[in-house]
Amino acid sequence: MTSIRIQCAALALCLPAALATAAEGVQRAADGTVQAVTAPVKIVEGVQEESRRNGPVAGAVIGTAKGSLNAAGAVIEGGAGIAVGTVEATVGAVKRVVEPVTGK
């Protein structure tokens, strides 16, 4: 009975740290989501920039191509941020909770 109380006390002490670690992972996932969701803006920015540089017709063609590549990169990078953040949040929380029990 005493060892269970000690484990519960250790768990209660480590819980705020676990939540802080999880919060970092959640923030990374949120940042990745914003990056992925706002990726289409890259296409519009590419068209605007190339239209100023090369005129409206060439700007639309070149800007769409460049903007699409930039948007695809933002989606990939944002998706990676979501995945990494989710794993960090989960593993960080579990690690902090299990640490007092296992001693590792």
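What share of the contacts in the chain between residues at least 6 apart in sequence join residues at least 24 apart? The share is 77%, where a contact means heavy atoms within 4.5 Å. Please keep in mind that this is a predicted model, in which local features need pLDDT of at least 70 and side-chain atom pairs count only at pLDDT 80 or more, while totals for chains, interfaces and linings use all residues. Residues are numbered from 1 along each chain as its sequence is written, and side-chain values use heavy atoms, with hydrogens and water left out.

**The chain as a whole**

- The chain has three helices and zero strands, with its elements running α-α-α from the N terminus on. Helices (H or I, at least four residues) and strands (E, at least two) are DSSP runs, numbered from the N terminus.
- Of the 104 residues in the chain, 18% are buried. Here buried means under 20% relative accessible area, exposed means over 50%, and partly exposed lies in between (1.4 Å probe, protein chains only).
- About 6900 Å² of accessible surface belongs to the chain, and carbon and sulfur atoms hold 69% of that surface. These areas come from the Shrake-Rupley method with a 1.4 Å probe; for residues, only the protein chains shown count as cover.

**Confidence**

- The mean pLDDT of the chain is 78, and 76% of its residues reach 70 or more; pLDDT is the predictor's confidence in each residue, from 0 to 100.
- Confidence is lowest in helix α1 (residues 2-37), where the mean is 67, and highest in α2, where the mean is 90.

**Helix α2 and what follows**

- With 15 residues, α2 reaches 21 Å from its first C-alpha to its last, close to the 21 Å expected at 1.5 Å a residue. The expected span is 1.5 Å times one less than the number of residues in the helix.
- G55 follows α2 and has a positive phi, near 95 degrees.

**Salt bridges**

- A salt bridge is a side-chain nitrogen of Lys or Arg within 4 Å of a carboxyl oxygen of Asp or Glu, and by this rule the count comes to four.
- As background, side chains of opposite charge can pair when their charged atoms come close.
- E49 pairs with R53, their closest N and O atoms being 2.7 Å apart. These two are four residues apart in helix α2 (residues 40-54), so about one helical turn separates them. E49 is partly exposed, at a relative accessible area of 39%, whereas R53 is exposed, at 52%.
- R53 also meets E50 in a salt bridge, at 3.2 Å from N to O. E50 and R53 are three residues apart in helix α2, again separated by about one helical turn.
- K66 and E50 form another salt bridge, at 3.1 Å from N to O. Because K66 lies in helix α3 (residues 56-102) and E50 in helix α2, this pair ties together parts that are 16 residues apart in sequence. K66 is partly exposed, with a relative accessible area of 41%.
- Through shared partners, salt bridges join E49, E50, R53 and K66 into one network.

**Around E50**

- Setting aside neighbours within four places in sequence, E50 is in contact with G55, G59, I62, G63 and K66.
- One of these, I62, is twelve residues from E50 in sequence, and their C-alpha atoms are 6.6 Å apart in space.
- The side chains of E50 and K66 are also joined by a polar contact of 3.1 Å. A polar contact is a pair of N or O atoms within 3.5 Å; within protein, one must be able to donate a hydrogen and the other to accept it, and residues adjacent in sequence count only if both atoms are side-chain atoms.

**A72 in helix α3**

- A72 has its place in helix α3 and is partly exposed, at a relative accessible area of 39%.
- A72 and K42 lie 30 residues apart in sequence and 9.1 Å apart in space, C-alpha to C-alpha.
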